[in-house]
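Here's a quick briefing for anyone meeting this structure for the first time. Have a look at the sequence and the model, then read on.

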Amino acid sequence: MANRRLAPAAEQPAAFAFSSENAEWAKGQIEKYPEGRQASAVIPLLWKAQEQNGGWLPQKAIEAVADELGMPHIRVLEVATFYTMFALEPVGRFWIQLCGTVPCDSCGARELKDYLHQRLGAPGHVSADGNFSWLEVECLGACCNAPMAQINQDYYEDLTPDLLGALMDDLAAGRPVKIGSQVGRTSSEPKGGADTLTDASLFDGSRVGAWRQRFEDKKAEESSEPSGKAEAASSEQRAATDPKPARPDAGRAVSGQSTDAPAQRAAAGQTPVKSGDQTDAADRTESTVRPGEPTPPPVDTVARAEAAGAEAGTQSDLPRNEPPPQPVASGASEGTDEAKAQPAKKPEPTRAAPKTEGN
Ligand code: FES
C-alpha cells in the first residue's frame, strides 16, 4: 500500500501560491457550489495544485487550498492523505500508478510489479535519471482491459512486462506513445474486434432460432392429428419394424404351487401341520394368558392322550381322522354360557387429574 505521509521537511518548498491563471480557474470551481458549500471544491483545487507543483502535493499547497476554501488545514490534509491520486512526495517525470486489485492481479499485474521492482527499485522513489517513479494503487476503473497502469494523466491497458518496458522506453525518449489498450482494441471492446452483433448466427436462426423452430414443429405435429391416434399409429409402426418377443410372466408375481401346503402334506400321507409347528404352538412361554385367568387346555391334546395311553398300555380313544379339540384362547369365553352368566364389568371411570395452581 502506498505511503501516505508528507514528504520530509527537506523536500518541502517554503511557500505555495496558485499562479494567476490557476487562481482564476480555482475561483470558477468554487463558484459552482452554493454559499456555505465551498469545501466541495477541495478535490479539484488539490488536483490543480499538484499539477502546478510538478505532480506532487507539498504541505504548503495543502494549506493554501484549505485557506482558499476556509477549511481547517487538518481537514484538507485528511483528504490529501486518503486518495492515492495525490502524491505526497516528489515523483518522476512520469509517475506510474500500477493497479494491483483483483481483476488486474488475475490478468498479470504481479508480473508488471516484478518488472517495475527490477527496473526502478522500490515504489515511491524517483529513478536516478528523474524520469520515473511508481506506486501500486487500488482499482482505477479500467478492469475490462486489465492489467493496466496510469502514467501521469493517461491510462495504458492490456499491458505485459514487454509492452510496459517498451512504453517506458518511448516515454523516456520522448517518442509518441499510444494511450489506452496496447493490443489494439478500442475502448473495452472484445479482443479481436467488436463482432458480437455482426455474428450471423444471431440472426439466421441457427443458434437461438433453432430451438424455437423445434418447439413450433412439435406443436404443429401435435395439433395436426389427435394424440391417441398418433400414438397408436406410432406403436403399430414400431411393432412392425421392431417386434419384441412376448414375455407373459414379466413383471407378475410367481403363482406356482407351494411345495409344503397342508393339503399337499395330507395328500402325501403326512400330518397336515408339521410337528415343529405343533411344538411351537404348544410352547407356553409365549402364552397370551394373563396372570389370574383360567389356564387354557393343552394345545396338543391328541399327543398328550397318546403319550398317557402309551404309558398305561392303552390307546387314545380320540378318532385319528377328526381334528383335535382346539385350545381356548384368551378372551374366547366371551359369548359362552359361562361368560354370559358373569355380569359385565363396568369400566372404571377415568378420573380427571386434580388441578394444580397455575393450570
Ligand atoms: S482492477 Fe485494475 S483497473 Fe480495476
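Which residue in β2 stands opposite cysteine 99? It's valine 137. Before going further, note that this is a predicted model, in which local features need pLDDT of at least 70 and side-chain atom pairs count only at pLDDT 80 or more, while totals for chains, interfaces and linings use all residues. Residues are numbered from 1 along each chain as its sequence is written.

**Overview and confidence**

- The protein chain has 12 helices and 5 strands; helices (H or I, at least four residues) and strands (E, at least two) are DSSP runs, numbered from the N terminus.
- Average pLDDT (the predictor's confidence in each residue, from 0 to 100) comes to 80 for the protein chain, and 70% of the residues score at least 70.
- Over residues 329-344 pLDDT stays under 50, and the model has 10 contacts beyond four places in sequence there; two residues are in contact if their C-beta atoms, placed from the backbone, lie within 7 Å.
- Residues 349-359 also have pLDDT under 50, with 0 contacts beyond four places in sequence.
- Of the 359 residues in the protein chain, 16% are buried. Buried means that 20 or more other C-beta atoms lie within 10 Å of a residue's own, exposed means 12 or fewer, and partly exposed is in between, with C-beta atoms placed from the backbone.
- Take the contacts in the protein chain between residues at least 6 apart in sequence: 57% of them join residues at least 24 apart.

**The sheet**

- The 5 strands make an open sheet with mixed pairing, in the order β2-β1-β3-β4-β5.
- Strand β1 (residues 94-99) runs parallel to β2, and 6 bridges link the two; strands count as paired if DSSP finds at least two bridges between them.
- β3 (residues 149-151) and β4 (residues 154-157) are antiparallel, joined by 3 bridges. Glutamine 150 has tyrosine 155 in β4 as its bridge partner.

**Around β2**

- All told, 6 of the 6 residues in β2 (residues 132-137) are buried, so the strand is largely enclosed by the rest of the structure.
- In a regular strand the side chains alternate between the two faces of the sheet. Here Phe132, Trp134 and Glu136 are buried on one side of β2, and Ser133, Leu135 and Val137 are buried on the other.
- β1, helix α5 (residues 102-120) and β2 build a right-handed β-α-β unit. Right-handed means that, with the strands pointing away from the viewer, the path from the first strand over the helix to the second runs clockwise.
- α5 lies across β1, β2 and β3, at about 145° to β1; axes are lines fitted to C-alpha atoms, for helices over the stretch in contact, and angles run from 0 to 180 degrees between N-to-C directions.
- Serine 127 sits in the loop between α5 and β2, and counts as partly exposed because it has 17 C-beta neighbours inside 10 Å.
- Leaving out residues up to four places away in sequence, serine 127 touches Gly92, Leu120, Phe132 and Ser133.

**The core and α3**

- The largest nonpolar core has 40 residues, and Leu46, Ile96 and Met148 are among those with the most contacts inside it. Such a core is a set of buried Ala, Val, Leu, Ile, Met, Phe, Trp, Tyr and Cys residues joined through C-beta atoms within 7 Å.
- α3 supplies the largest share of this core, 5 residues.
- Buried residues in α3 include Ala61, Ile62 and Val65, and the cover over the buried residues of α3 includes α1 (20-30), α2 and α4.

- Most residues other than glycine have a negative phi, and most peptide bonds are trans.
- Alanine 146 and proline 147 are joined by a cis peptide bond, with omega about 0°; proline 147 lies in the loop between β2 and β3.
- Aspartate 158, in the loop between β4 and α6, has a positive phi near 55°. This aspartate 158 is buried, with 20 other C-beta atoms within 10 Å.
- Serine 187 has a positive phi too, about 50°, but serine 187 is exposed, with 11 other C-beta atoms within 10 Å.
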